[in-house]
Amino acid sequence: MLTIYCRNTGTSKTFPEGTSLLEMLPEFEFEKPYRIISAKVNHVSQGLKFRAYNNKEVEFLDASEYSGMRVYRRSLSFLFCKAARDVIPGSRVHIGHAISNGYYCRLFKPDNSPVSDGDVSLIKARMQEIVDKDLQFRRQDISTDEAIRIFRDRGMLDKVKLFETNGEVYTDYYTLGDSPDYYYGRLVPSASYLDVWDILRFADGILLRVPDFKHPDRLARMVDEPKTFEAFSESTRWNRIMDLETVGDVNLAIRRGSASELIQVAEALQEKKIVQIAEEIERRHNDEGLKLVLITGPSSSGKSTFCKRLSIQLKACGIRPVSVSTDDYFVNRVETKLLPDGSYDFDNFDTVDHDFLQSDLLKMLGGETVDVPEYNFVTGLREFNGKKLSIDDNTVILVEGIHALNRLLTDRIPEELKFRIFISTLTSTPLDDHNWIPTSDNRLLRRIIRDYRNGSFTPRQTISQWPKVRAAEETWIKPYKEDADVMFNSAYLIEFAVLRNYAEPLLLSIPKNCPEYSEAHRLLKFIHYFTPVSDREIPATSLMREYIGNK
C-alpha cells in the first residue's frame with residue numbers, strides 16, 4: 001500500500017501500488033466546479049492515467065488553472081488534427097498562433113485547394129464523432145530512434161527534425177485511435193473530456209475555439225484582432241521564405257554553423273522595423289504635427305531597449321526625442337490600491353497619477369518647461385530632483401509605460417498629435433506543426449533571467465508572481481493593443497537557443513518541494529528542445545542585452 005496526500009483536501013489516503021489518479025479521484029471529496037482533467041504529482045504535471053507506485057503528493061486540476069488549461073488545449077489540438085487527417089487524407093495541419101481567443105490553424109490539402117465551409121463542416125462532424133465515441137488518448141514510451149521511424153513513415157517530418165535535434169534517448173508520444181502524434185505535455189484521458197470547443201473558417205484557415213480560462217464551461221469570447229494577426233502573419237511568412245518553419249529547422253541551421261548569420265538577420269529585421277517606425281513618425285510629425293508617441297507592451301516585451309533604439313533612429317531623422325516614463329508618475333506607495341491578498345496592485349491604472357501626467361504633457365505641448373518627478377522604488381515616494389523637460393518644434397515626446405495606450409491617460413490631448421506603438425513577443429517559430437510556443441513563455445524566461453541578474457527576485461519568486469502579472473496584462477494592456485498604429489515584434493529568431501544557457505541553471509535551482517517547481521520543470525523540458533547558442537556575437541545594442549546583460 002502507498003499513501004497519497006491530496007492538496008485539494010489536505011488529507012491523506014492509502015491505495016494499492018499502481019493505482020491511477022483517475023481511480024483515486026472519487027476517494028477525495030472536494031468542491032469541483034469544473035471537471036478535473038489533470039493533476040500535479042509532486043509538483044509535476046501528469047495525466048489522470050498516471051499510476052503511483054510510492055507515496056506522492058497530488059493536486060487535482062481543472063481547466064481554470066494554467067496547467068490544466070494547457071492539458072485541455074493540447075488534447076483539443078490532437079482531436080482537431082486527427083479529424084482533419086481522417087476526413088481529408090494526406091492533408092497537413094499546422095496549429096498556429098493564439099488569436100481572437102482561439103488558435104489560427106492552416107490546413108494544407110493534397111490538391112492545394114483553399115479551405116472551404118464544407119471542409120470545416122466535415123472536420124467538425126468528425127471531431128464530434130470522436131468525442132461521442134470517447135476514444136482514448138494513449139501514451140507510449142519508446143526510444144527516440146523508434147519515434148523517428150514512426151513519424152517518418154507517416155510523413156510528419158516536422159517531428160522527425162525535432163526528435164533528431166533534441167538529444168534525448170527516449171521519448172513519448174500519444175495515439176488517438178490509429179493516429180499517432182506528439183505533444184510536449186500531458187493530455188486528457190479520453191475524447192469525452194473535450195466538451196467545449198468549436199471551429200470556423202478564419203482568414204485563409206480555420207480558427208480552433210477554446211474554453212474561457214475563467215469560465216472553462218463556456219467558449220472564450222471571440223475578439224477581432226486584425227493588427228495582431230497581420231503581425232504574426234508577417235513573421236510566419238518570413239520564416240517560410242527562410243525555410244525556418246519549426247524549431248527543428250532552426251536547430252539544424254545552427255548545427256550547420258549558421259548561428260552567426262541567424263543573429264545578424266534577427267538584428268537586421270528588428271532594426272529595419274524600427275527604422276520604418278521612425279520614418280513614419282517623422283512623416284506624421286512633418287505633415288500632421290504629431291508630437292506624442294505612446295509606447296506600451298506586456299512585461300518583458302522589450303519596451304526599454306526599443307525606446308532607446310527608436311530614439312536613435314528619430315535623431316537620425318532630425319527629430320529630438322524626449323522620454324517620459326509613466327512609472328515616474330506612480331502615486332506614493334501608501335496611496336496604492338491593494339489586491340485581495342493584501343499586496344500592492346502596481347498594475348492598476350489608478351496607480352499612475354494620470355491627471356498629473358496629462359497636465360505635464362499639456363504644459364510641454366503648450367511650450368512650458370515642467371519639473372518632472374522621479375519615482376523612488378526603494379522609498380515608494382515620488383521625488384522632484386531637479387529634472388526639467390521642455391520641447392520645441394523639432395521634438396516628439398515618447399511616453400512609455402503599461403498604460404500608455406489607455407485612452408484615459410491622454411484623453412485631453414488631440415488624437416492627431418498621437419502615435420501609438422504596441423510591443424510584444426510574437427513568437428512565430430513553433431516546436432513542430434502541432435506545438436506552438438506561447439508568447440508568455442518567451443517573456444517569462446526573459447523575466448526570470450533579468451530579475452536574477454538585477455538582484456530583484458529569485459527565479460522562484462519570479463515564477464510565483466507570474467500569474468498576477470499575466471492577470472494584470474489581460475486587464476490593463478491586452479484590451480488596448482489593437483488601438484496601436486503599429487506593432488513591433490520583439491521576439492528574436494534564435495532567442496530560446498540563447499536564453500537556454502542562462503535559464504537552465506536558474507530553473508534547476510528551484511527546489512522540487514515547492515509549488516513553483518511545476519513551472520520550472522515544464523520550462524526546463526521546453527528549452528531542452530533548442531540547440532544552445534553562445535551570445536558572444538549578439539551586439540551590445542541588441543534587445544536581447546536587456547535580459548542577458550553585456551559581457
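Leucine 208 is buried, its relative accessible area being 0%, in a model that is predicted. This residue belongs to strand S14, which spans residues 205-209. Leaving aside residues up to four places away in sequence, leucine 208 is in contact with Leu76, Ser77, Phe80, Gly102, Tyr103, Cys105, Met127, Asp198 and Ile199.

The chain as a whole contains 15 helices and 23 strands. Along the principal axes, the C-alpha atoms fill a box of roughly 75 × 55 × 45 Å. Among contacts with a separation of 6 or more, 73% are between residues 24 or more positions apart. Of the 551 residues, 56% count as buried; leucine 208 is one of the buried residues, because its relative accessible area of 0% is under the 20% cut-off.

The accessible surface of the chain amounts to about 23,700 Å², with carbon and sulfur atoms contributing 49% of this area. A nonpolar patch on the surface is formed by Leu338, Tyr344 and Phe346, which together have about 280 Å² of accessible area. Tyrosine 344 is situated in the loop between strand S16 (320-325) and helix H10 (354-365). With a relative accessible area of 36%, tyrosine 344 is partly exposed, whereas leucine 208 is buried.

Methods
Residues numbered from 1 in each chain as written. Predicted model: local features only at pLDDT ≥ 70, side-chain atom pairs only at ≥ 80, totals over all residues. Heavy atoms only, no water. Patch = residues over 30% accessible without salt bridge, like charges linked within 9 Å, V, L, I, M, F, W, Y side chains within 5 Å. Areas by Shrake-Rupley, 256 points an atom, 1.4 Å probe, with all protein chains shown as cover. Salt bridge = Lys/Arg side-chain N within 4 Å of Asp/Glu carboxyl O. Helix = DSSP H or I, 4+ residues; strand = E, 2+ residues; numbered from the N terminus. Buried < 20%, exposed > 50% of the residue type's maximum accessible area, 1.4 Å probe, protein only. Contact = heavy atoms within 4.5 Å.
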